[in-house]
Every structure is written in C-alpha cells, then in structure tokens.
Amino acid sequence: MISFILKLGARTLSLVSWLGKGALFIFPSALGMLSVLRRPQLIVQQVYSVGVLSMMIIVVAGFFVGMVLGLQGYIQLSAIKAEANLGLGVALTLSRELGPVVTALLFAGRAGSALTAEIGLMRATEQIAAMEMMAVNPYVRVIAPRFWAGIISMPLLAALFSLVGVYGSWLVGVGQFGIDHGIFWSTMQAGVEFQEDILNGIIKSFIFGGVITGIALFEGYNARPTSDGVSRATTRTVVNASLSILALDYVLTSLMFGGLN
Amino acid sequence: MNVPNSKPVDPDAISISPGGIDDAVIQVDGVDFGFDRRLIFKNLSLAIPRGKVTVIMGPSGCGKSTLLGMIGGRLKPRRGKLEFDGRCINKARGRKLYALRREMGMLFQNSALLTDLSTFENIAFPLREQTQLPDEIIRLLVLMKLEIVGLRGAHQLMPSELSGGMSRRVALARAMVMDPKLVMYDEPFVGLDPISMGVIVKLIRELNDALGLSSVVVTHDVQEGLSIADYVYILGNGSVLGHGTAESILRSEDPMVRQFILGLPDGPVPYQYPAPPYAEDLRSD
C-alpha cells in the first residue's frame, strides 16, 4: 500500500514537473515566435531544412498511397458499378484525411525526429549554453524559426501529398483499368468543395504541424545531454507526435465533418 | 603570435585587505547552491581580482564549472549574492541579464562552436546578433581576432574540420570578439596535446594582459593552472579550501590542498567510494 502511494506521489510529481517544463517552454517560445518575424531569413532557412528536405519522402509516399487507393477503390466501386466515382472518392479521402494524417506521420518521423536530435545535440554540446552566454536568446534564434517552419511546411507538404496521390490513383484508374479520363476529373470537380474539404484539410495540417514541431522542439530542448538522453527524446517525439496526431484527427474530424459540432 | 602591448604580470599588485580582495570584478558572498538534495556549495564566498588571471582548481565534481554557471547567470544560487562589476547577477533576469552577459565571454570545455556555421561565421555570430555593424567591419573584426589566435588561414573551415586545439582557439576568438571585461575558461586544457596546450596557456596569459581583461580559468591541471595564475582558489567540500598566489598554494599545509596539488590517490578525498566493510560485502549473498 505504501509502495503504491509512493509510486502515485512520484508519478504526480513527475506530471507536475512535466507541466511546469511545458509552461516554461511555451511562453518564451511564443514570445520568440513574435520576435523572429523581424528576421524572416531565419524562418526561410528552416523551411528549407524542415520542409524542402522532407519533399522526397512525401512525394514517393503520396504517389504509392494514391496508387493503392486507386486500386482498392476501383475493386470496391466496380463491384457496384460505381467506378466512375473513383476520382471523387480518392480526392475526398486524400484532402480530408489521408493527406493531412499520413503527411503528419511521415513529417513526425522525418522532420520531427531530426529537430529533436538537432536541438538535443545542441544542448549536449553546450551550443545552446554558448548562445545564452553570448546574450543571444535561444528561443528566438533556435526554437522560434523551427516552429514557424513546421507550421508553414506541413500544409504545403500535405497539399503536395494529396496532389501526387490523386495523380497516382489516376494512373491506376485511367491508365490501368480504363476509366474515362473526363469522368475521373469531372466527378472530382463536381464533388469536392473548397471550404468543406480542401480548407478543412489545410486547417488540420496547420494544427498537426504545430503539434509535431512543438513536441519535437520541447523534447529536444529538455533532452538529457547524453547520447542515451537524445536517443530517448527522439523516440518520444515520434511516438508522442504520432499518437497525438491520430487522437487529434478524430477530434478535428468530428468537429469539421459532423458529430461533435 | 602577435599580441600587442603584452606586459609582465605582477601578482603582488593584487591588493588584499583583511576583508578580502580590494578591487574585485566578481564578488561571491555566502552562496548556497545545490541540485535537488545534493548541496554543491555551502556558504561560498570568494572574490575575483580585476585585471588578473584567477585560476580555480579542485577535484572533479567540486563545483568549479557550476561556479562559472552562476557567474554567467545560467544557474541561480539558493542563497547569497553574486556581483559582477558591482551589479547583482543572481537577481538579474531577461534584458538585464543579457546586458551583463554582453560584458562577459566564455570558453566552454568542448568549445561549443555552432556546427552549422563556418569558423568565420562562428566568430562573427555575436557581432551579427548583437550589433548593426556592416559586413565589411565585421569581416575586419573577425580577421583580426583570427590573426591573434593564429587561425586566419582557417576562416573558411567548418568546426568538424578543426582539431581540438584549433576549435579551442576559434572559441577563444569568439569569446573575445565583443571585447568583454571578463572571460571565463571552463577546463581549457582538457584533451589537448602539449603544443596546443602551450598555445592556449600563452593566449590566456597574453590576451588577459594585452586587452586588460579579467580572466577566470577553471581547471584541474595543476601545472598549467599554476603557471598562468595570478591568484588561485582551491575548491572542495562545498567551499574554498585555500586561496592565494601560486607560490602560497604550493606552500600550503592544508592536507586536502596538498593531496590535490601533489595528486595523491588517497587522503582527505578517499580512494574508496563509501561502502559497507569489504569482508561483509563478500560474505553477503
């Protein structure tokens, strides 16, 4: 019984400490995000590092996901003689769900882990401490540009994912199974709405970008300054960000497409 | 090495009154500091004389680097006061703290160069962040500092292309580029070959005298430390074990100071980590 109470106490203290660290991280980061707007070149550099360098994995994954959707969609739809709606089904699936979610999962693995490792190693090698001693605020110089870069890059990558995915499904549906080219695009054009489908997908991507980048930067900044500490922080980033995305997606989908609103 | 106006040091010029060092750039008064339940310093008081090289020595884990962390305002004491040039460091926050740090330079143990910037850009970093100087002036200032540390020809190299000694010299140039009043060196001799060590020893001494700095060198290299010290503090057991000029430290009769200076494996700092009796441990399951 005493052991249980001790464990409960330790867990509670750990949670309070984690919340405290989170608050200590969020407030200066938010102030830093405002300050760094005066130096857009810092954000552009990070958009390249976080976004542009993630494009290859997004394009390749989007293409294959689109092809699989085209294949599975055609098999199911052709059973009820509705294969003409393949383009619409794929476009809605990608713009509403798979585009933002799969891109976010890939982004967490590619860019999130890299951010955590980079910041964690900067701490371990005292680069952050050196900046502080040079009277340079690391929240402005290091954290804020990466945060903006994550928020800016994610919707663009998700849009790219969806775009390439649609093309992949077109290749399978039109190229392989012979669906009429005009019908493939016209059902999509008629059925996909900008605000309901595209805009909601973009909003999701913005939120996912903020969540992933926030988790990655927080974990990196608070990583123990050892190789083991950085390794664990990187793992935590991928796991926590991925689970947060999946849980958040349900909440956002319910709010956007019915259920909770 | 071209360090202009180098002048000989007179350790006797340090004025020590019964109350302490008269002209101190750093004053530490009654400081308590600890991590969680582990107390590092208990009622620590010391003064760093202005314009001199002060060497702080002591066994590993005695809190030497922690003391630099407190002087730089990165660590806050539980009790007591730290002053830099008469201004309280431990109460300073935000802009006030950054204003104090602009007058300090620090050389970290592993150099702490920014790995994504070249040698040139590492030294230019504080100038670009803190000043509005045009690129041409920044270039001149950086090349001047690189010339002093003998690495002007290496300005385009990345940190990964520098040896340990070169990294330390680049970090030293970076610490000096804003012309600070105080420069702190955290274990500057660790992991260096004899030539690099000799270069760093010479640079610390000559830069201090030529530029009129105050230097604090934290080290456990007794020979190198004493060779450049105008004043020495030996830390241990959470407080100052001994202090004075290098000569007076070498003559000290304090057993702990003697054990440290002579590098004896056993003494007041025991060889064995505290443990139950050996025989008892061997017999137990």
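Me: Hi! Which strand pairs with β6 (residues 79-84) of chain B in the antiparallel sense, and over how many bridges?
Reply: Hello! β6(B) pairs with β7(B) in the antiparallel sense, over two bridges. Keep in mind that this is a predicted model.

Me: Thanks. Which residue stands opposite C88(B) of β7(B)?
Reply: That would be E83(B).

Me: And what sheet do β6 and β7 of chain B sit in?
Reply: They belong to an open sheet of four strands, in the order β4-β3-β6-β7 of chain B, with antiparallel pairing. The edges are β4 (38-49) and β7 (87-88) of chain B. Each of these has a single partner strand, so one side of each is left without a neighbour in the sheet.

Me: OK, what about the six-stranded sheet in chain B, what's the order there?
Reply: The order is β8-β9-β10-β5-β11-β12 of chain B; this sheet is also open, and its pairing is mixed. At the edges stand β8 and β12 (239-244) of chain B, each pairing on one side only. From one strand to the next, the twist averages 15°.

Me: Where does α5(B) come in?
Reply: α5(B) packs on that sheet and touches β8 and β9 of chain B. The direction of α5(B) makes about 170° with that of β8(B).

Me: Let's go along the strands, then. How do β8 and β9 of chain B pair?
Reply: β8 (residues 104-107) of chain B and β9(B) run in the parallel sense, with four bridges. As one example, L107(B) has Y185(B) of β9(B) as its bridge partner.

Me: And how do β9(B) and β10 of chain B pair?
Reply: In the parallel sense, over five bridges; β10 covers residues 214-218 of chain B. Here D186(B) is partnered by V218(B) in β10(B).

Me: How many of the residues in β9(B) are buried?
Reply: Five of the five, for the strand spanning residues 182-186 of chain B, so β9(B) is largely enclosed by the rest of the structure.

Me: Which residues cover which side of β9(B)?
Reply: L182(B), M184(B) and D186(B) are on one side, while V183(B) and Y185(B) are on the other, and all are buried. In general, side chains in a regular strand alternate between the two faces of the sheet.

Me: Nice. What happens between β11 and β12 of chain B?
Reply: β11 (residues 231-236) of chain B pairs with β12(B) in the antiparallel sense, over five bridges. In that pair, V232(B) is opposite G244(B) of β12(B).

Me: Switching to chain A: how many helices and strands does it have?
Reply: Nine helices and zero strands. The C-alpha atoms of chain A fill a box of roughly 65 × 55 × 35 Å along the principal axes.

Me: What percentage of chain A is buried?
Reply: Buried residues are 44% of the 261 in chain A. Also, of the contacts in chain A with a separation of 6 or more, 87% come from residues 24 or more positions apart.

Me: How do α4 and α9 of chain A cross?
Reply: The axes of α4 (residues 86-124) and α9 (residues 227-257) of chain A come within 8 Å and cross at roughly 150°. The two helices are therefore roughly antiparallel to each other. α4(A) passes α9(A) in a right-handed crossing.

Me: Which residues make that contact?
Reply: Among them are A104(A), A108(A), G112(A) and T116(A) of α4(A), along with A233(A), T237(A), A241(A) and D249(A) of α9(A). The residues of the contact divide into twelve nonpolar, nine polar and one charged.

Me: Last one: how many residues of chain A are in contact with chain B?
Reply: Ten residues of chain A, in contact with 15 residues of chain B. On the chain A side that touches chain B, six are nonpolar, two polar and two charged.

Terms used:
Residues numbered from 1 in each chain as written. Chains lettered and ligands numbered in written order. Predicted model: local features only at pLDDT ≥ 70, side-chain atom pairs only at ≥ 80, totals over all residues. Contact = placed C-beta atoms within 7 Å. Nonpolar A, V, L, I, M, F, W, Y, C, P; charged D, E, K, R; others polar. Axes fitted to C-alpha atoms, helices over the stretch in contact; angles between N-to-C directions. Parallel < 35°, antiparallel > 145°, perpendicular 65-115°, else oblique. Left-handed = near helix turned anticlockwise from the far one by under 90°. Buried ≥ 20, exposed ≤ 12 C-beta atoms within 10 Å, placed from the backbone. Pairing = 2+ DSSP bridges.
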